[in-house]
Amino acid sequence: MSFGGQGAGFGHQGVVPLGGAAAQPIVLPITANLGAFYSVVRLSTWTGSCLRVRRASDNTEQDIGFRGNAVDKAAADAFAAGSLLFITKWYDQSGNGLDLVQATQANQPSFGQPGEWRGIRGISIDGVSTSTTVQKWLQNATLTANRNALTVYQFLTPSSYGNDVQYSFTDSGFTTEYAKAYTNAAPFGVNYGSAVNTLMIGRTNPGVISVSVSGSTGIIARHHGAEFTNATNAASQALGGLQIGKSLAGSTFNGDHNLWAFAFYNATHTSANMQAIEAVLNASFQPPSGFTKRLIYGGSSLITGAFTTLLQNPAYFGGFTYSSDWELFQTAVHGRTLVQEFGLRGDFDTLKDATKSKVVMVIDAPSNDIAVATYADQATAIAAGQTLYTGTTVPFQNNLKTNTIIPIVPTCIARTGFQSGTGNFREDARLAYNAAVIAGGVTNSHAVSDRAADARLSNPADTTYFAADGTHLTNLGTSILAAIDQAKILAA
């Protein structure tokens, strides 16, 4: 399994990009069995508004319509008057009246910065990595469907592989979850959730995810032109509700992403039908052109923005998303080690692109490698840290350079549970690895992003910069890490 090349899955040239004054309306090639349709681009048969927003400054609400068939950003900006906007309703353009609503202010998704993509606002579904924290979501509790005859389409911009539920079909009380889609598994975000399978490639450009659930044929999932199947069958279940963006209690991963279109059909579609819908959505949401550089962010949950909110990960804080001229590939997966990342080097090789002025990859630091290791003594730990650099990082960055990808090698920041000199000796391994990275920067010709040198990232007990788990970072900690990386990326 590998990443697609530049523009993978799009290939519909000559279409005005999303948000242009003449943006094309969505014309669905299949209208039978359409259950509901929500989008920031107008469905050709729809004459109503796009959504309803609440202005944070005074809690006034207003419908926002379309301009040039895309959601009216100018009207939203004027109404906002510098305030934040939150979504209270997303209108169902299918005509079936299944509007998605959220009356509780704390749960309302954001409509605005940082969720803009080249001048267009998306639906920012965000939440942090804890089941006790309120997440953002929209729902229609009266939706009814049979999960064994259901096809779902999403068009979204993932910020990372920390994404949890993009959609969830539940009972009316949200106590039982019958079908969902989420990511976070090796190699690039494949996961099955309640018998729903999806693949997400985390890049700046949005992409279509389509999932067909069927008790007789299993699951068909498509993303960026690739098709996957899962033989898992779900028992027939009459669903009693739909929610977008909110995970049930017990979620351990983020839900950071922007949603641009969401549709479901009360029918199991064939692969050909799915491809037809996919082509229309790709054409209606044509990605921007003009990316002159490419950034690949490898890594683990530290890079997915775990325990931060609203798309706040290093790539976002570093200014490499949405309006920049960098095409971003976010490839971090929760729990992934540096050794596992190195094992996927062939997939990263496919991201070389001679048309770009430069292609840069940030290699992850080995916090997870060290965390799962056991060292008998200090000498063993030091030797292991050095070997991790010489045996994994060096050949990894050499492989990238062979493929004209510029490597950035970060040092490993502190982590709760690492001890030095006594106990598990993991801190000795971390310090030895960092010393090897710094010394090897010149010897092995790679840029060093010395995250560990910043004193603010040296004390995992400091909740100003570290999350309560002492492993991940807060918003402020993430912004510090991002600034360190950014300097090296721009200078690469």
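Gln397 sits in helix H7, which spans residues 378-402 of this predicted model. With a relative accessibility of 0%, Gln397 counts as buried, because the cut-off for that class is under 20%. Leaving aside residues up to four places away in sequence, Gln397 touches Ile363 and Pro407, and it also touches Asn444, Ser445 and His446.

The chain contains 9 helices and 29 strands, and of its 492 residues, 62% count as buried. When contacts between residues at least 6 apart in sequence are considered, 74% of them join residues at least 24 apart.

A pairing of this kind can be followed in strand E13, which covers residues 149-158 and includes Thr151. Thr151 is buried, with a relative accessibility of 0%. In sequence Thr151 and Phe264 are 113 residues apart, yet from C-alpha to C-alpha they are 5.5 Å apart in space. The side chain of Thr151 also has a polar atom that lies 2.8 Å from the backbone oxygen of Ala267.

Another region to follow is the loop between strand E29, residues 447-449, and helix H9, residues 475-491, where Thr474 is found. Leu473 belongs to the loop between E29 and H9 as well. Is Thr474 buried or exposed? Its relative accessible area is 16%, and Thr474 is therefore buried, since the limit is under 20%. A polar atom of the Thr474 side chain lies 2.8 Å from the backbone oxygen of Thr464. Apart from residues up to four places away in sequence, Thr474 touches Phe307 and Thr308, together with Thr463, Thr464, Tyr465, Phe466 and Ala467.

Leu473, for its part, counts as buried at 3% relative accessibility. With residues up to four places away in sequence again left out, the residues that Leu473 touches include Leu302, Ala306, Ile413 and Leu457, and also Thr478 and Leu481. Phe307, Thr308, Tyr465, Phe466 and Ala467 are likewise among the residues touched by Leu473. Between Leu473 and Asp462 there are 10.0 Å in space, C-alpha to C-alpha, while the two are 11 residues apart in sequence.

The structure holds 4 cavities of 30 Å³ or more, and the largest cavity contains about 140 Å³ of space. This largest cavity is lined by 15 residues, of which Ser300, Leu302, Ser367, Arg415 and Thr471 are the closest to its centre. Leu302, one of these lining residues, is also one of the residues that Leu473 touches.

Helix H1, made of residues 73-80, shows how burial can be arranged around a helix, for Ala76, Phe79 and Ala80 are buried there. These three lie on the same side of H1, because they cover an arc of only 100° around the axis. At the start of H1, a side-chain oxygen of Asp72 comes to within 3.3 Å of the backbone nitrogen of Ala74. At the other end, H1 is followed by Ala81, which has a positive phi, near 50°.

Most residues other than glycine have a negative phi. Asn59, which is not a glycine, has a positive phi near 65°, and its place is in the loop between strand E2, residues 51-55, and strand E3, residues 61-64. At 37% relative accessibility Asn59 counts as partly exposed, because this value falls between the 20% and 50% cut-offs. Asn69 is also not a glycine and has a positive phi, about 75°; Asn69 lies in the loop between strand E4, residues 66-67, and strand E5, residues 70-71.

The cysteines remain to be considered. Cys50 is buried, with a relative accessible area of 0%, and Cys412 also counts as buried, at 1% relative accessibility. How many disulfides are there? With a disulfide taken as a pair of cysteine sulfur atoms within 2.5 Å, the count comes to 0 disulfides.

Technical notes. Residues are numbered from 1 along each chain as its sequence is written. This is a predicted model: local features need pLDDT of at least 70, side-chain atom pairs count only at pLDDT 80 or more; totals for chains, interfaces and linings use all residues. Side-chain values use heavy atoms; hydrogens and water are left out. Helices (H or I, at least four residues) and strands (E, at least two) are DSSP runs, numbered from the N terminus. Buried means under 20% relative accessible area, exposed over 50%, partly exposed in between (1.4 Å probe, protein chains only). A polar contact is a pair of N or O atoms within 3.5 Å; within protein, one must be able to donate a hydrogen and the other to accept it, and residues adjacent in sequence count only if both atoms are side-chain atoms. Contact means heavy atoms within 4.5 Å. The arc is that of the directions from the helix axis to the C-beta atoms. On a 1 Å grid over the protein atoms alone, a cavity is a set of points where a 1.4 Å probe fits but cannot get out, and a pocket is an open set with protein on both sides within 12 Å along at least five of seven lines; lining residues have an atom within 4 Å of a point. Grid points are joined across faces, edges and corners, and a volume is the space filled by probe spheres set on the points.
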